[in-house]
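Below is a briefing on backbone geometry and helix packing in one protein model. Please go through the sequence and structure first.

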Amino acid sequence: LLRERNIAVSNTPSILSSAVADMAVGLALAVSRNIVQGYNSILQNNWVVNHPTWMCGPALEGSTVGIVGLGAVGTKIARRIRTFDIAQLLYTNRHERPEGVEVGAKYVSLDQLLAVSDFVFLTVPLTPETKHLLGSEQFRKMKTTSILINVARGDVVNQNDLVTALQSKMIGGAALDVMTPEPLPPDHPLTKLSNVVLTPHISSATLRARETMAKLAAENICNVLNNKELLTPIP
């Protein structure tokens with residue numbers, strides 16, 4: 001319809017990738033190292049002294065990390081996560097990608113990735129094929145200590161199944177920047193779980209990312225008004 005009316009369409013590709021990748025790693029640390037729980041323990045005057053395992057959680061060092069979707073965001077997560085001295089980096093995708101070789105990641109099936117990963121990052125776009133990509137069947141294949149990090153879209157995960165998996169300790173925890181619906185009601189079951197960290201879809205919220213997006217959008221508008229080619233056209 002847009003083509004028929006000769007309406008140009010553009011977007012701001014790749015600008016958000018670094019910000020989202022940073023947030024994904026931060027979320028992994030927040031849930032695995034009990035950062036939110038630790039903060040709340042101070043507010044609630046529940047600081048435990050001289051207990052060697054208090055607030056202990058799984059480490060990134062020596063872990064197996066799986067990335068579902070090795071696009072721009074997934075690749076940047078891979079580069080960042082490598083610096084934590086992980087033991088193994090895996091990824092799954094519709095097909096093998098050259099970026100996998102560049103970041104030293106092994107291409108495996110989704111089932112293989114879920115079975116052995118200590119941390120699972122979701123970075124796939126939401127399509128009919130990826131809707132509810134992870135549900136109860138997939139959670140049963142994961143380690144009971146696995147941490148799920150979703151910076152993709154809420155509906156990539158069957159959220160009801162995720163709640164059940166977290167409540168029953170089928171998996172170790174989850175960190176979600178995206179969920180269904182958005183905004184999430186404050187009384188939603190996810191907000192009641194101690195093994196969950198939630199953020200309000202702010203993975204791309206850095207001043208640098210927002211300013212760069214605005215600049216590119218303005219340049220595209222100016223180009224259209226001056227009968228020039230879009231810098232980032234959508235075919």
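P181 sits in the loop between β6 (173–176) and β7 (196–198). Strands here are DSSP runs of E with at least two residues, and helices are DSSP runs of H or I with at least four, both numbered from the N terminus. The model is predicted: local features need pLDDT of at least 70, side-chain atom pairs count only at pLDDT 80 or more, and totals for chains, interfaces and linings use all residues. Residues are numbered from 1 along each chain as its sequence is written, and side-chain values use heavy atoms, with hydrogens and water left out.

- The peptide bond from T180 to P181 is cis, its omega being near -5°.
- E182 and P183 are also joined by a cis peptide bond, with omega about 0°.
- P183 is located in the loop between β6 and β7.

- M55, a residue other than glycine, has a positive phi near 65°.
- The loop between α2 (35–43) and β1 (64–68) holds M55.
- M55 counts as partly exposed because its relative accessibility is 23%; the class lies between buried (under 20% relative accessible area) and exposed (over 50%), using a 1.4 Å probe and protein chains only.
- K169 is not a glycine either, yet its phi is positive at about 60°.
- K169 lies in the loop between α7 (159–167) and β6.

**Helix α3**

- Helix α3 spans residues 72–81, and its buried residues include V73, G74, T75, I77, A78 and I81.
- These buried residues pack against α1 (17–32), β1, β2 (88–92), α4 (98–102) and β4 (119–122), where contact means heavy atoms within 4.5 Å.
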